[in-house]
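Colleague: Please show me the model, and then I will ask where its descriptions come from.

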Amino acid sequence: MRERNHNTDQGPSEVDTTRASAARIYDYLLGGSHNFAVDREAAEAVLAVLPEACTFARQNRAFLRRVVQYGIEHGIRQFLDLGSGLPTVGNVHETAQARVPDARVVYVDNEPVAVEHSLGILGDNPYATCIHADITDTQSVLTHPETLRLLDFTQPLMVLMCAVLHFVPDDRQPDRVVREYADALAPDSYLALTHATPTDYPEQMAEVVAIYEQTQNSAHLRTRAQITGLLAPLPLFVYPGVVYTSEWQPEHPAEVGDPARSLAFGALAYLPLTRAHSGPALPEHCRQAPGMDPM
Ligand SMILES: C[S@@+](CC[C@H](N)C(=O)[O-])C[C@H]1O[C@@H](n2cnc3c(N)ncnc32)[C@H](O)[C@@H]1O
C-alpha cells in the first residue's frame, strides 16, 4: 500500500498546503480526514454562508452511487471517473466491483493528495487505478497508458463527471470537454454529470464563489439550461432527465427532501446504438431530452 497518513497537516512535498483545494474541502464536508487546516477553514466559511453545502456533498455522492448501480444493472462494465476526488464511502470501484468483481475503473484527478490516497486505497486491485491528469486535457486522459490498459473504448462505458465541471471556467470550454469524451464513446455508453447551480441561493452562492476564489479551484456555477446544454453531444437522457441530484431515481422518496438544497443538477445521458435511432425502438429506460428550462 502506498497510502500515507494525511491526518496531520504535513502532506506530500508537492502538495500546496497553504491554499485550500476543492478535493480536500469536499472531503471535509463529507466527514473525511484527508484535509489540512486551510481546507477546514475554507469549508467552515462555506458552511457559515450555506449550511446546505453538506447536503450538496451527500446528495452528490448518493447520485454517483445510484448512476454506477444503474450502469452495472444495464451492462456497463467499465467506468472513467473524471475529477474523482479523495476516496470516500461508495467509491465507484467499490459499488461496481461489489456486483461485478472485474469491473474496470479509471479514476482521474489533478489533486496530488486525491491521487495518492486513491492509489493507496486501490492497493493491488488489478482492475482499477487512478491517474494524475487535468480532465480538460482530454487527449492526455484518453491516451494515458493506464486508461488504455484498463478501458476498451470499442465497448460501452460510463464516463462520470460529478461535481467537477463547475471547476472548469468557460475559457477552458467545458462544452468541448464533454464533446471530446462523448466522441470517444462506443454506442450504448453513458455520461453522468452533476454540476452546482446558483439558481436557488444566488446571494449565498455568490459568497461561496468568492471563498473558492481564494482556493486552488475557482468555481463557475451554471443554470439548469447551461448544464443541459453541456450534454448536447449525447442525444438522450435516462429518466428523469436533468433534475436536482436528489430527484434522480431516489431509492426512497424521503431522500429527496427539498430538492433545491442539493444545490446541483444531475443527469445521466446516453449514447444510443445508432445516433439516428428514434421512436419506440429506443431502449425503454431512455427518453428524449426534455426541453430546456429557461431557469
Ligand atoms: C467536489 S470533488 C468531486 C469528487 C467526486 N467526483 C464526487 O462527485 O464525489 C471535485 C474534484 O474534481 C477535481 N478537479 C477539479 N478540476 C479538475 C481538473 N481540471 N482535472 C482533474 N480534476 C479536477 C478536484 O481536485 C476534486 O477532487
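Modeller: The protein has 10 helices and 9 strands, where helices (H or I, at least four residues) and strands (E, at least two) are DSSP runs numbered from the N terminus. This is a predicted model, in which local features need pLDDT of at least 70, side-chain atom pairs count only at pLDDT 80 or more, and totals for chains, interfaces and linings use all residues. Residues are numbered from 1 along each chain as its sequence is written.

Colleague: What makes α1 roughly perpendicular to α2?

Modeller: α1 and α2 (residues 37-49) pack at an angle of about 65°, with their axes 9 Å apart. Axes are lines fitted to C-alpha atoms, for helices over the stretch in contact, and angles run from 0 to 180 degrees between N-to-C directions. Angles of 65 to 115 degrees count as roughly perpendicular, under 35 as roughly parallel, over 145 as roughly antiparallel and the rest as oblique, so α1 is roughly perpendicular to α2.

Colleague: Which residues make the contact?

Modeller: Arg24, Ile25, Tyr28 and Leu29 of α1 meet Asp39, Arg40, Ala42 and Ala43 of α2; contact requires C-beta atoms, placed from the backbone, within 7 Å. These residues divide into 5 nonpolar, no polar and 3 charged. Ala, Val, Leu, Ile, Met, Phe, Trp, Tyr, Cys and Pro count as nonpolar, Asp, Glu, Lys and Arg as charged, and the others, Gly among them, as polar.

How values were computed:
Contact = placed C-beta atoms within 7 Å.
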